[in-house]
Amino acid sequence: MTKKTENNTVSMDQLKEMAERLTLVDGEKDNAEEQRMAALEKAFENTESLSHAEAISVLTSLSGADAEKSTEESLLIKSMFDELKEHDAGDQNPDELDEAIEGEDGETSANIEADAEDDAEEDSEDESKDAIPDSTAQLDIDGDAHMWIRDLDLHYGSAQAIYNVSIPFQRNAVTALIGPSGCGKSTLLRCLNRMNDLIPICKIDGSIELDGEEIMGRGADLVTIRRRVGMVFQKPNPFPKSIYDNVGYGVRLHYTPSRRELDRIVEQSLKRAAIWEEVNDRLHELGTSLSGGQQQRLCIARTIAVEPEVILMDEPCSALDPIATAKIEELILELKKHFTVVIVTHSMSQAQRVSDYTGFMYLGRLIEFDKTAKIFGDPKEELTARYVSGRFG
Ligand code: ADP
């Protein structure tokens, strides 16, 4: 180890050295590992040190360590922390160190460290016990899950972007996905309506259920899936058509409504998207002539018009001013009465304002999933606590 730890912390030099050792465990450092190292350096560029528990979480995310079993990587993480403890033992009372590592909550990822000590004799019999804990083992929701992602792994070419993610999406609730840039939020969101199928190098393993029905199978009808699971993008993208035709477009694609039916659907969709009052006297003007916030609500109306069940929103307010953002947030709270909403947001205040559940992702893993109030008020994982308090990312 290069530098000595102080107060049971790991310096950034030490963390980088550990991360380097970890990436070399299976031979050479591959592209994905290099990318993750760069992301790690960026995320912590203004940080001097991390607690042991945080460092373990980071290393776990960085590695291919599996929550289910003792992999070579998870064992290396443990042995590196053993080394660190031995190194520090001269100056510190080992009991104090253990306490600090374990933290207040014995269920945190720091467990692997405590387990390493406590279960030393039992290790040889039951190695899986020492595995990196699965912080998202508790995926409880109050109501029924409209969609479920289970054990999802995703690769872009040889680079793995999502690691073994499972997450339920409660019906008629808003679930927010948060985490630093590049952690896989949008990738995960796009899986929910199989938009990633449009990316040739993308390979997905795992299961996604929509109302109990598997949608990942080869025979799945993608047109129907994308109608049932609609998407609103970061940048409003109305078609160069009239406001009316923007909303009617998808409806005509899926059904053959009469003019009167279509009039009714367009009006109702614009009303539900809270933009009817602003455009009802100019339905035949171009959608692109509207302001940014109006364009986004028009796109929401277009998504609603085909009667989806789930609406995916990928940072829907990031191109909007605060007033337009407030309107969309108000709308999201209204929309969840009729739809299930999944939103990717980089704004933690937005996640708190609009969502019922939050999943915190980091380096392709779901670190923690819980009710939003719990994630922001009393998260289980230290890494989550650091992120939601703005200490990295
Ligand atoms: P986030 O939404 O959290 O910013 P993304 O899902 O966009 O993260 O990206 C996750 C990882 O996948 C990143 O390393 C990114 O470079 C990679 N990635 C995203 N889209 C593609 C793509 N189309 N082809 C290759 N790699 C991609």
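**Sheets, a ligand shell and helix pairs**

Modeller: Six strands make up an open sheet with mixed pairing, in the order E8-E9-E10-E5-E11-E12. The model is predicted, with local features needing a pLDDT of at least 70 and side-chain atom pairs a pLDDT of 80 or more, while totals for chains, interfaces and linings use all residues. Residue numbers start from 1 along each chain as its sequence is written.

Colleague: What makes E8 and E12 the edges of this sheet?

Modeller: Strand E8 (229-232) and strand E12 (365-371) each have a single partner strand, so one side of each has no neighbour in the sheet. On average, neighbouring strands here are turned by 20 degrees against each other, direction ignored. A strand is a DSSP run marked E of at least two residues, a helix is an H or I run of at least four, and both are numbered from the N terminus.

Colleague: How do you know that E8 and E9 pair?

Modeller: Two strands pair if DSSP finds at least two bridges between them. E8 and strand E9 (residues 310-314) are joined by 4 bridges and run parallel, so they meet the definition. One example is Val232, whose bridge partner in E9 is Met313.

Colleague: And which strands does E5 pair with?

Modeller: E5 has 4 bridges to strand E10 (residues 340-344), running parallel, and 4 bridges to strand E11 (residues 357-362), also parallel. Ala176 stands opposite Ile343 in E10 and opposite Thr358 in E11, while Leu177 faces Gly359 in E11.

Colleague: Why is E5 called mostly covered?

Modeller: A residue is buried if 20 or more other C-beta atoms lie within 10 Å of its own, exposed if 12 or fewer, and partly exposed in between, with C-beta atoms placed from the backbone. In E5 (residues 174-178), 5 of the 5 residues are buried. Val174, Ala176 and Ile178 point one way, Thr175 and Leu177 the other, and all are buried.

Colleague: What about E11: how many of its residues are buried?

Modeller: In E11, 6 of 6 are buried. Tyr357, Gly359 and Met361 point one way and Thr358, Phe360 and Tyr362 the other. E11 also pairs with E12 in the antiparallel sense over 6 bridges, and Thr358 has Asp370 as its partner in E12. The two strands form a hairpin with 2 residues between them, and Leu363 in the turn has a positive phi of about 45 degrees.

Colleague: Is Gly182 buried, exposed or something in between, and why?

Modeller: Gly182 has 19 other C-beta atoms within 10 Å, so it counts as partly exposed. Gly182 sits in the loop between E5 and H7. Its C-alpha atom is separated by 8.2 Å from that of Gly364, 182 residues apart along the chain.

Colleague: Which residues surround the ligand?

Modeller: Gly182 is among them, along with Gln35, Tyr156, Ala161, Lys185 and others; to count as near, a residue's C-beta atom, placed from the backbone, must lie within 6 Å. Helix H7 (residues 185-191) gives the most, with 3 residues.

Colleague: How many residues of each class does that shell have?

Modeller: There are 4 nonpolar, 7 polar and 1 charged. Ala, Val, Leu, Ile, Met, Phe, Trp, Tyr, Cys and Pro count as nonpolar, Asp, Glu, Lys and Arg as charged, and the others, Gly among them, as polar. Lys185 is therefore charged.

Colleague: Why are H9 and H12 described by the direction word they get?

Modeller: Helix H9 (residues 243-254) and helix H12 (residues 292-305) pack at about 30 degrees, with axes 7 Å apart. Axes are lines fitted to C-alpha atoms, for helices over the stretch in contact, and angles run from 0 to 180 degrees between N-to-C directions. Under 35 degrees counts as roughly parallel, over 145 as roughly antiparallel, 65 to 115 as roughly perpendicular and the rest as oblique. H9 and H12 are therefore roughly parallel.

Colleague: And what about H9 and H10?

Modeller: The axes of H9 and helix H10 (residues 259-272) come within 9 Å and cross at roughly 115 degrees, so the two are roughly perpendicular.
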